[in-house]
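Please read it alongside the sequence and the coordinates.

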Amino acid sequence: MIMKPPLLLVAGAKGAVGTTVAAAIAAMNDSFENIRPWLITADWANPEILRKAAFAGWDLSDNPMSHRISLQGILLPEYFGDYVSALDAMDVRRPPAEKTVWRHHIEALSQDIRELVNANPFHQPILINLLPACAVKNLEACRTLEEIYQKHNPVDFPDLAYLMAAMACRVPIVNFTSNAVECPLVLQEAKKVGIPVCGRDGKTGQTYLKMVIASALKARKLPVEGWYSLNILGNEDGRNLSNPEKASGKLANKTDFLDEILGYPVGERRYGQSTHKVSIEYYPPRGDQKESWDVIDFTGLFRMPMTIRLNMQLRDSILAAPMIIDLAIWMNALSGMGRTGLVTELAFYFKKAIAPASPIAFQDQIEALRQLQQDVINDSFKKEKTGETLT
């Protein structure tokens with residue numbers, strides 16, 4: 001097996017997260033030390049594979065990539081000014097026109113993928129879904145893909161067209177959005193065509209630390225009586241999530257896992273209702289530097305009440321970008337190993353565990369990731385012994 005550098009095919013390429021990923025990819029070759037320390041996969045992946053990563057994709061904006069980075073205001077010019085030519089040369093295309101039928105939508109995207117792959121023959125393509133949150137669609141109620149196509153409009157749920165096009169071209173898939181597109185039918189199709197899939201909803205900041213704290217409280221047998229979480233976002237993601245219908249999927253992803261980690265419904269026994277509350281507020285002055293507040297109420301010996309107050313001011317895209325590059329590297333390696341269908345061992349990166357077998361608690365997710373890393377390394381050694389090489 002020859003492991004090629006990844007070609008990230010990004011749906012939503014010029015949003016806040018997409019442009020930050022693009023800047024990181026552009027800087028990888030000659031400013032590797034500005035990127036490498038924040039990549040988990042740098043512990044085992046060949047540095048040359050990371051350095052040669054490439055970026056392409058789709059976006060509604062026609063502005064050059066460097067201009068979009070400036071507009072987002074996440075990175076100062078000193079961090080991408082040397083790469084303007086490389087950034088503006090990235091092949092980012094307009095998505096298929098709206099109001100097309102599914103078949104036309106998927107065919108147009110498939111043609112784009114084939115052209116991008118042909119233009120980058122020494123890279124392994126990976127689809128990265130960064131499209132905005134959309135209203136929740138219940139794909140699981142459908143028994144066939146045709147039924148999905150009949151009941152849903154590609155304009156309302158474009159994510160599915162990108163996934164189907166990727167599968168048609170046998171391209172591994174990363175779903176970093178909150179959109180529930182990995183229904184059983186889609187995952188079956190992924191196994192059928194022989195590609196790995198991972199998702200859903202990148203776990204960048206507050207939810208990541210919530211998982212860590214919840215796992216720690218459970219390990220110390222300190223019952224949680226209530227947990228209030230407030231998110232303040234000022235970027236396009238925050239504006240989009242100010243629509244309650246579009247926020248519902250994100251809120252579910254940020255809420256469901258806590259009871260699963262703790263092993264009991266928070267608040268139900270004492271108050272007769274859930275006392276795990278999550279709110280998302282759009283607050284433009286905060287920009288991409290999201291802020292979160294958590295109030296965690298728990299009890300100790302003799303049921304004595306205690307509380308934790310946690311305030312975080314984080315940079316959403318700065319946290320997300322290395323995770324996305326990591327996931328592209330993982331999917332690249334796993335594709336070479338012949339993994340197909342949902343990769344549950346990558347639950348560490350995501351808010352929502354899609355399959356029942358996914359590890360939930362922090363220590364379980366770390367152990368699953370460590371084992372996956374060992375599997376990748378063992379597979380590499382095995383192939384080296386048999387004469388196959390990594391480049």
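A residue counts as buried when its relative accessible area is under 20%. The model described here is predicted. By that cut-off, the buried residues of helix H10 are Gln206, Thr207, Lys210, Met211, Ile213, Ala214, Ser215 and Leu217.

**Helix H10**

- Helix H10 covers residues 206-219, and its 14 residues should span 20 Å at 1.5 Å a residue. The C-alpha atoms at its ends are 20 Å apart, which agrees with that expectation.
- After H10 comes lysine 221, which has a positive phi, near 55°.

**Aromatic pairs**

- Seven aromatic pairs are found in a search of the whole structure.
- One of them joins tyrosine 208 and phenylalanine 348 in an edge-to-face arrangement, with 5.8 Å centre to centre and 85° between the planes.
- Tyrosine 208 belongs to helix H10, while phenylalanine 348 sits in the loop between strand E11 (341-342) and H15, so the pair ties together parts 140 residues apart in sequence.

**Second largest pocket**

- The volume of the second largest pocket is about 610 Å³.
- Its lining comprises 23 residues, and those nearest the centre of the pocket are Asn34, Ile35, Leu75, Tyr79 and Ile318.
- Two or more lining residues come from each of helix H1 (16-27), helix H4 (77-80) and helix H14 (316-336). H14 gives the most, with five residues.
- By residue class, the lining of this pocket has 16 nonpolar, four polar and three charged residues.

**Isoleucine 329**

- Helix H14 also contains isoleucine 329.
- Isoleucine 329 counts as buried because its relative accessibility is 0%, and the cut-off for that class is under 20%.
- Leaving aside residues up to four places away in sequence, isoleucine 329 touches Met3, Pro6, Thr41, Trp44, Ala45, Ile49 and Leu50.
- Between isoleucine 329 and arginine 220, which are 109 residues apart along the chain, the C-alpha separation is 35 Å.

Terms used. Residues are numbered from 1 along each chain as its sequence is written. This is a predicted model: local features need pLDDT of at least 70, side-chain atom pairs count only at pLDDT 80 or more; totals for chains, interfaces and linings use all residues. Side-chain values use heavy atoms; hydrogens and water are left out. Helices (H or I, at least four residues) and strands (E, at least two) are DSSP runs, numbered from the N terminus. The expected span of a helix is 1.5 Å times one less than its number of residues. Buried means under 20% relative accessible area, exposed over 50%, partly exposed in between (1.4 Å probe, protein chains only). On a 1 Å grid over the protein atoms alone, a cavity is a set of points where a 1.4 Å probe fits but cannot get out, and a pocket is an open set with protein on both sides within 12 Å along at least five of seven lines; lining residues have an atom within 4 Å of a point. Grid points are joined across faces, edges and corners, and a volume is the space filled by probe spheres set on the points. Ala, Val, Leu, Ile, Met, Phe, Trp, Tyr, Cys and Pro count as nonpolar, Asp, Glu, Lys and Arg as charged, and the others, Gly among them, as polar. Rings of Phe, Tyr and Trp (its six-membered ring) pair if their centres lie within 6.5 Å; planes under 30 degrees apart count as stacked, over 60 as edge-to-face and the rest as tilted. Contact means heavy atoms within 4.5 Å.
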